[in-house]
Amino acid sequence: MKRPTILVLGAGYGGLMTVVNLQKSLGADEADVILINKNDYHYESTWLHEAAAGTLAPEQVRYDIASVINSNKVQFVKAEVTGIDVKNKNVTTNIGSHTYDYLVIALGFEGETFGIPGLDKYALSIANVKAARQIRDHMEYQFATWSLEEEKDDSRLTIVVGGAGFTGIEYLGELGNRVPELCKEYDVPAEKVRILCVEAAPMVLPGFDPELVEYAVRQLESKGIEFSIGTPVVEATPEGVKIKKGEDEFEFIKAGTVVWAAGVRGNRMIEESGIENMRARVKVDKDLRAPGFEDVFVIGDCSLMINEAINRPYPPTAQIAMQQGDMCANNIIALIQGKQTAEFVPDLKGSVCSLGDSDAIGVVFDKKITGTKASFMKKMIDNRALFMVGGVGLTIKKGKFNFLK
Ligand code: FAD
Ligand code: NAD
């Protein structure tokens, strides 16, 4: 019998966990496993806010895919997926095409702009490691230019962050540490800098524990960060953003840097794949397969699962993407061996939101934590993700061990 071809698209958390489990569990002659990713490195999406603020070097956020795969069992192809045709079982890339017996779509997230005019063009988004580096460099350029200008344009030093969800808050936490360093480096008086977070909902971190939210806001405000709550961004221009403050009341905020962190959607490749989707996310069956396609699995931020206890979708997180990757590999092996697939049930351990390098808030195993304790927990979670993919070696090389900072 012909060996099945398993094609995995994307080497993020979901894709890498799938491949790592497949290479552990399958013999080299049991299947042809092909992993396609647009870069020859993986980046930790969960650390991108640090790279975007400049508190962590972009190189530290990424590692070579070759260092975590077994080339005897997995063929890695560096290519950009340009089309997925599930009806004809064909995936095209910028350098060729592939057929498959089993397909795993793990192409991750893209920033969601909800069609708000100007955002795609004029706002920066913490979407991947290259975009994060661009944000860091753009911000530094504004500081450098201001310090050279004869007639100073102080709006260069205004940073607007759209969205006070987890990404926005974590990025603000890093800015709280980085901006004082930038002020020193570029001789900028601290009072010239304005960091403003604009949130559409009536609260920061909507839906999160109010006591922890209050702590986070207090900590960020103590670093000079301002919040404008209940005031959605309605337009972006080359000069800044327009926010809605009341029924017919708008304010324009001139800003040299606008970072859009107001939500995510799935990868656009999903939308032309022939699979039913909502904002490029596929509402998957319980065993992670795309409805109607027995050989197609969709995991990570491209997938959507309903938490039946509250009748709302699970949030797209690395925590879930990794667990799905593990289960997806098990289910493919089950299919190859003619066995039943299993149901995926997320094992949620909680969530921790960092507020810079040594502060955080979180709920872990139903316990609220703040400060250095929460920050320690966040770093342990980050290290665990490295360990699960690349073992002790990768954890030592890339891990976070500055617990006492
Ligand atoms: P990704 O990790 O996004 O990986 C997708 C991969 O596909 C990438 O390697 C990409 O290069 C590749 N790719 C994309 N398009 C193509 C293409 N056309 N062709 C080839 N390759 C392609 N979640 C948590 O649980 N905890 C956290 O602390 C946390 N912090 C976060 C902080 C930030 C700043 C952000 C933005 C997100 C955070 N998240 C966190 C969410 C988490 O990062 C995502 O849920 C997770 O990355 C999804 O994993 P994934 O495998 O679906 O996709
Ligand atoms: P999100 O959807 O969680 O938050 C987006 C925020 O933007 C919301 O508060 C929303 O009200 C606001 N918003 C939407 N439209 C707006 C507008 N027009 N103007 C102003 N504000 C607007 O998105 P996210 O923060 O990017 O997070 C994406 C996913 O990644 C989530 O599932 C999150 O849990 C996960 N994540 C987790 C962590 C962590 O666990 N530490 C960190 C980052 C992200």
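In the predicted model, I34 has Q75 of β5 as its bridge partner. Helices (H or I, at least four residues) and strands (E, at least two) are DSSP runs, numbered from the N terminus.

Zooming out, β5 and β2 belong to an open sheet of five strands, ordered β5-β2-β1-β9-β21 with parallel pairing. The edges go to β5 (74–78) and β21 (296–298), each with a single partner strand, so one side of each has no neighbour in the sheet. On average, neighbouring strands here are turned by 15° against each other, direction ignored; axes are lines fitted to C-alpha atoms, for helices over the stretch in contact, with angles from 0 to 180 degrees between N-to-C directions.

Helix α1 (residues 13–25) lies across β1 (5–9), β2, β5 and β9 (102–105), at about 150° to β1. Helix α8 (residues 318–336) also packs on the sheet, touching β1, β9 and β21 and making about 170° with the direction of β9. Contact here means heavy atoms within 4.5 Å.

Away from that sheet, β7 (residues 90–93) and β8 (residues 96–99) run antiparallel, joined by four bridges. A hairpin connects β7 to β8 through two residues, and V91 sits opposite H98 in β8.

As for charges, the whole structure holds 28 salt bridges, each a side-chain nitrogen of Lys or Arg within 4 Å of a carboxyl oxygen of Asp or Glu. One of them pairs D295 with K89 at 2.6 Å, N to O. This pair reaches across 206 residues, from the loop between β20 (282–283) and β21 to the loop between β6 (81–85) and β7. D295 counts as buried because its relative accessibility is 15%, while K89, at 29%, is partly exposed; the cut-offs are under 20% relative accessible area for buried, over 50% for exposed and partly exposed in between (1.4 Å probe, protein chains only). Another salt bridge joins E308 to K286, with the closest N and O atoms 3.3 Å apart. E308 is exposed at 61% and K286 partly exposed at 42%.

Residues are numbered from 1 along each chain as written, and chains are lettered from A and ligands numbered from 1 in the order written. Local features need pLDDT of at least 70 and side-chain atom pairs count only at pLDDT 80 or more, whereas totals for chains, interfaces and linings use all residues; side-chain values use heavy atoms, leaving out hydrogens and water.

Methods: Pairing = 2+ DSSP bridges.
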